[in-house]
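Here's a quick briefing to read with the model open beside you.

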There are 2 protein chains.
Amino acid sequence: MDSRAITEAFSESLPLTGNIEPNLECAIRHVLDNPGSLVRPRMVYQVATAYGLSDSSARDLSIALEYFHTASILFDDLPCMDNGLERRGAPCTHVVFGESGTILTALSLINRAYGLTWRAIADSARDRQAEARMYLEQCLGVQGLLNGQSLDLNYSELPHTLATTERIARGKTVSMIRLTLVLPAMLGDSTVRDLQLLERIALFWGLGYQIVDDLKDVLQGPAETGKTAARDVLLNRPNIAAAIGVPDAAKRLERFIALGDRTLQILLRSRPSMNFLNLLRHDLDAELKRVTQRAMDVSEGSLL
Amino acid sequence: MDSRAITEAFSESLPLTGNIEPNLECAIRHVLDNPGSLVRPRMVYQVATAYGLSDSSARDLSIALEYFHTASILFDDLPCMDNGLERRGAPCTHVVFGESGTILTALSLINRAYGLTWRAIADSARDRQAEARMYLEQCLGVQGLLNGQSLDLNYSELPHTLATTERIARGKTVSMIRLTLVLPAMLGDSTVRDLQLLERIALFWGLGYQIVDDLKDVLQGPAETGKTAARDVLLNRPNIAAAIGVPDAAKRLERFIALGDRTLQILLRSRPSMNFLNLLRHDLDAELKRVTQRAMDVSEGSLL
């Protein structure tokens with residue numbers, strides 16, 4: 001499935017037929033017409049096909065997980081949560097269609113996402129189906145994404161430490177990467193060992209990506225916006241770089257990349273078709289280089 | 001499953017184990033400790049066992065549908081929707097735990113509800129599973145509950161007619177009653193004819209219950225609160241009795257009860273184990289008598 005096919009599938013997998021209330025229809029259209037980078041569904045599709053899922057199951061699962069992710073962003077941007085104004089180059093849905101319209105849109109995506117996941121899972125072996133539905137529930141629910149979001153919202157009450165920020169990252173970021181890497185393999189012909197290795201990669205890369213995000217936030221302040229403090233710190237949001245400092249955060253990112261590399265090499269020995277994951281690893285490395293360069297620029301700038 | 005068992009199952013089917021963020025845990029506990037009348041899950045359980053589902057599937061499905069319903073109420077009560085203050089004899093969840101905590105609680109219930117439905121469905125025949133997952137998606141999604149909620153929220157822009165109010169009632173009220181009566185039968189040994197009859201009963205009773213609610217709202221004003229207008233009219237909310245008048249609404253309710261009776265009698269000929277539905281029909285009739293009496297009291301009161 002190429003980029004265009006994924007974009008089309010994202011836009012068209014929630015059929016808006018029949019007599020839908022116009023405000024709801026417009027809000028859903030707004031979301032379906034403004035996809036993100038769609039890196040996630042591409043990856044889900046590749047993992048799924050590498051582990052032998054059919055084209056249609058791989059496709060359903062990739063769009064389903066992107067709909068879950070998009071719904072989580074719609075909620076996250078609400079005034080009572082992160083109060084975002086812009087997302088994916090367009091005004092946030094709640095800015096244009098109000099809070100209630102946004103909530104109903106997010107719930108429409110979630111409802112469709114479960115339907116698509118269900119259909120994707122129906123072809124797998126019975127024990128794999130049961131394992132997959134429990135895994136999905138765990139990653140999205142009070143043990144996973146929802147817990148991470150609640151910790152995030154209540155961060156001001158918690159100690160601003162590495163442990164807290166990484167606990168939040170495990171809930172929010174790692175849960176979605178676990179679904180991306182592990183769930184499609186679980187439904188296919190993976191071994192228990194494959195799943196263990198994918199779990200480890202999801203953890204290292206999830207925490208790694210969170211550090212990249214946090215470093216960008218901390219470093220963008222002086223260099224880009226002229227503000228003296230970064231947004232996360234200003235708003236009392238969890239940020240690993242703010243908790244342990246930029247140099248230690250960069251070192252930790254390097255370590256996660258190395259651990260991820262080692263795990264990926266083991267996986268590739270028995271499953272060479274997963275080689276596309278190397279590309280993602282290069283992305284992470286490129287991000288590391290960019291933030292390291294930025295850190296040097298900022299530190300020079302502060303000497304002026 | 002008796003009343004106590006249902007209350008326990010409602011309270012205990014969303015396990016709060018592990019390291020859950022305390023605010024989220026308290027908000028979920030608040031909801032699980034304040035169930036409604038639990039008429040719906042009792043009915044789901046009875047339909048499911050009448051159509052041959054196992055005790056555990058019937059139980060899972062009954063709690064799942066009550067969790068979906070409870071989540072819809074949590075969203076419905078939010079300030080951006082109906083702005084409720086009290087529910088089930090306790091302060092609304094958002095009043096105590098804030099909007100974000102309430103949204104995460106509702107999403108926790110939804111996530112668990114899909115998990116329970118999935119488990120309940122897994123034992124049924126493969127074609128019945130596919131039919132059931134599409135039916136659930138249709139009743140909850142943009143063709144059903146979510147559309148009804150969006151119409152409800154945008155009622156001020158719509159013509160205040162019988163057609164509009166019943167379209168909203170079909171989306172909001174009838175969708176949940178369809179799930180209650182039809183979904184459990186669909187998973188069991190029902191015939192196509194059984195499902196058609198249950199669809200009709202769900203429609204007549206769903207619209208009937210909505211008229212009861214609307215009549216109560218219109219009639220409570222002068223008699224109970226001393227206000228001259230009812231809440232729905234004051235807030236520009238859909239209300240069938242306000243749209244066509246109290247006498248016509250009462251007549252329409254009588255007609256729906258008669259149509260429901262006729263359909264139920266046909267169903268009972270081939271499926272006598274569904275006789276418990278007669279009890280529900282008597283409830284509806286008792287409500288009709290109460291609102292008719294109230295209408296007479298109010299009309300006498302207005303002569304004073």
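A residue counts as buried if 20 or more other C-beta atoms lie within 10 Å of its own, as exposed if 12 or fewer do, and as partly exposed in between. With 12 C-beta neighbours inside 10 Å, B:P247 therefore counts as exposed. Keep in mind that this is a predicted model, with an ipTM of 0.95 and a pTM of 0.95 for the complex.

**Confidence**

- Chain A has an average pLDDT of 92, and 95% of its residues score at least 70.
- Where pLDDT is low, the predicted coordinates should not be read in detail.

**How the two chains are related**

- Chain A superposes on chain B by a rotation of 180° with 0.0 Å of shift along the axis, and the RMSD is 0.0 Å.
- That is the relation of a two-fold axis.
- Which residue of chain A comes closest to the rotation axis? That would be A:Y114, whose C-alpha is 3.8 Å from the axis.

**The interface**

- Chain A puts 37 residues into the contact, and chain B puts in 37 residues.
- On the chain A side, α2 (22–32), α5 (93–121), α6 (126–140) and α7 (145–153) each supply at least two of the residues that touch chain B.
- The largest share of that side comes from α5(A), with 13 residues.
- By type, the residues of chain A that touch chain B split into 19 nonpolar, 13 polar and five charged.
- 100% of the interface residues of chain A are also interface residues in chain B, so the copies meet through the same surface.

**A helix pair in chain B: α3 and α4**

- Helix α3 (residues 39–50) of chain B packs against helix α4 (residues 55–76) of chain B at an angle of about 145°, and their axes are 8 Å apart.
- Is the crossing of α3(B) and α4(B) left-handed or right-handed? The crossing of these two helices is right-handed.
- From α3(B), the residues that meet α4(B) are B:R40, B:P41, B:V44, B:Y45, B:A48 and B:T49.
- Across from them in α4(B) sit B:S57, B:A58, B:R59, B:L61, B:S62, B:I63, B:L65, B:E66 and B:H69.
- The residues of this α3(B)–α4(B) contact comprise eight nonpolar, four polar and three charged.

- B:L109 belongs to helix α5 (residues 93–121) of chain B.
- B:L109 has 27 other C-beta atoms within 10 Å, so B:L109 is buried.
- Setting aside neighbours within four places in sequence, B:L109 is in contact with B:L14, B:Y67, B:T70 and B:A71.
- B:R4 is 105 residues from B:L109 in sequence, and their C-alpha atoms are 21 Å apart in space.

- Most residues other than glycine have a negative phi.
- A:N236 has a phi near 60°, a positive value in a residue other than glycine.
- You'll find A:N236 in the loop between α10 (231–234) and α11 (240–244) of chain A.
- A:N236 has 11 C-beta neighbours inside 10 Å, so A:N236 counts as exposed.
- B:N83 isn't a glycine, yet has a positive phi of about 50°.
- Look for B:N83 in the loop between α4 and β1 (86–87) of chain B.
- B:N83 is exposed, because 12 other C-beta atoms lie within 10 Å.

- B:A230 is in the loop between α9 (192–225) and α10 (231–234) of chain B.
- Is B:A230 buried or exposed? With 22 C-beta neighbours inside 10 Å, B:A230 counts as buried.
- B:A230 and B:Q220 are ten residues apart along the chain, and 6.9 Å separates their C-alpha atoms.
- In chain A, A:P247 sits in helix α12 (residues 246–270).
- A:P247 is exposed, with 12 other C-beta atoms within 10 Å.
- A:P247 and A:L215 are 32 residues apart along the chain, with 9.8 Å between their C-alpha atoms.
- In chain B, B:P247 is placed in helix α12 (residues 246–270).
- B:P247 and B:L24 lie 223 residues apart in sequence and 47 Å apart in space, C-alpha to C-alpha.

Methods
Residues are numbered from 1 along each chain as its sequence is written. Chains are lettered from A and ligands numbered from 1 in the order in which they are written. This is a predicted model: local features need pLDDT of at least 70, side-chain atom pairs count only at pLDDT 80 or more; totals for chains, interfaces and linings use all residues. Axes are lines fitted to C-alpha atoms, for helices over the stretch in contact, and angles run from 0 to 180 degrees between N-to-C directions. Helices (H or I, at least four residues) and strands (E, at least two) are DSSP runs, numbered from the N terminus. A crossing is left-handed if the near helix is turned anticlockwise from the far one by less than a right angle, and right-handed if clockwise. Two residues are in contact if their C-beta atoms, placed from the backbone, lie within 7 Å. Ala, Val, Leu, Ile, Met, Phe, Trp, Tyr, Cys and Pro count as nonpolar, Asp, Glu, Lys and Arg as charged, and the others, Gly among them, as polar. Copies are superposed by least squares on the C-alpha atoms of residues with pLDDT of at least 70 in both. pLDDT is the predictor's confidence in each residue, from 0 to 100.
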